[in-house]
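Please find below a colleague's note on a protein structure. It is written for a reader who is new to such models.

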Amino acid sequence: MTDARWVSELEELARARLSPPLFAYLAQGARDGRTASRAVEAWRDVVLHPHVLRDVTEVDTSVELLGRRHPTPVGVAPSTLQRVVHPDGELAMARAVAASDGLVVVSSNAGTPFAEIGATGVTWWVQCYLPEDRSLAVPLLRRAIDAGASAVVLTADTPVVGTKYPGSPEADVIWDVVDPAVLRVNFDPGYESAPGAGKARDLGVRDVEWLGSLTGLPVVVKGVLRPDDADRVVEAGAAAVWVSNHGGRQLDRAPATAAVLPAVRAVVAGRAQVYVDGGVRDGLDVLTALALGADAVFLGRLPLYALVDGEPGVCRMLAEMTAQTTESMRLAGARDVGDTRDLTGP
């Protein structure tokens, strides 16, 4: 029996234990929060058509992601401020993911050296924002490669940071109270003041090619919501397309990822993998994402909420999500991930 209630209560547990500015930062969406607020219900609005009379004694939830097989289709998306949520930050997250033989994507803004993360033995990919002067990104990417990163994830939806409104006029903003020592430790000293360090507003498909050539790693493009953009990045050599609206934190009124995933899958199928995040809160959501065409499902806020309890909290959350996914697949008559693909219609 799974503990679905505990997972659904993680947000409230985090709200009670984190400082108001930190929780506000983790939970908020851009501007009026319309995109962020639609994310959860979008998965629940999808109708599933289960198979019956199938032997589901054994259910295989494993997936192969960029050449490596993992026992679960659930990965951890990149996020910052992990050392503000818990002193062990990215190390606790990495150890928990390693214990489940899972996959974690590490933010370029991480507060823990890549070498320490890599030393946990976890399978990890590095996320990056490219600066105006691309050469400034090279030292960070080199550190990630040296520490064992096995793919690079280009965040493509952030030419500027989307506006967020404070909860009240007098509310503290997290950047006014956070210790800078727990942020961006993998950048060269003085990076932020260097000419050309601002986020690139001229990102293009050439950057996908450049990252692949520079790193020798598979390139994943995160932040894709349109089939035509998905086609362009795959043509440029991306190994995977990550359907994401940045947790509703960038362009408000962007679509829910559940709504656009099938169209992206249709144009990409057979040429690259497709990943998704956004509003996934339980194993039924994971099953739904797989049924709509995702090869993997990444969690953003849930791991951060679970991280309040450090490594044990993240371990429990990941185990619960896998257990719920297994149960959901059994009830749907899906013996493996391939069996989920026709569940959205007969």
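Predicted model: local features only at pLDDT ≥ 70, side-chain atom pairs only at ≥ 80, totals over all residues.

1. Residues are numbered from 1 along each chain as its sequence is written, and side-chain values use heavy atoms, with hydrogens and water left out.

2. The protein chain contains 15 helices and ten strands. Helices (H or I, at least four residues) and strands (E, at least two) are DSSP runs, numbered from the N terminus.

3. For 346 residues, a compact globule would have a radius of gyration near 20 Å, and the value of 19 Å for the protein chain agrees with this. The radius is taken over C-alpha atoms, and the globule rule is 2.2 Å times the number of residues to the power 0.38. Along the principal axes, the C-alpha atoms fill a box of roughly 65 × 45 × 40 Å.

4. Of the 346 residues, 54% count as buried, that is, under 20% relative accessible area (1.4 Å probe, protein chains only). Among contacts with a separation of 6 or more, 75% join residues 24 or more positions apart; a contact means heavy atoms within 4.5 Å.

5. Helix α13 (residues 283-291) is largely enclosed by the rest of the structure, because eight of its nine residues are buried. Among these buried residues are Gly283, Asp285, Val286 and Leu287. The buried residues of α13 pack against α4 (34-44), β3 (74-76), α12 (257-268), β9 (273-276), β10 (296-299) and α15 (310-332).

6. How is the N-terminal end of α13 capped? Aspartate 282 provides the cap, with a side-chain oxygen 3.1 Å from the backbone nitrogen of leucine 284. Just after α13, glycine 293 takes a positive phi of about 120°.

7. Helix α6 (residues 89-99) has eight of its eleven residues buried, so α6 is also largely enclosed by the rest of the structure. The buried residues are Gly89, Glu90, Leu91, Ala92, Met93, Ala94, Ala96 and Val97. Their cover includes β3, α5 (82-85), β4 (103-106), α7 (114-118), α14 (301-306) and α15. Aspartate 101, which follows α6, has a positive phi near 55°.

Notes: Buried < 20%, exposed > 50% of the residue type's maximum accessible area, 1.4 Å probe, protein only. Polar contact = N/O pair within 3.5 Å; in protein donor to acceptor, adjacent residues only side chain to side chain.
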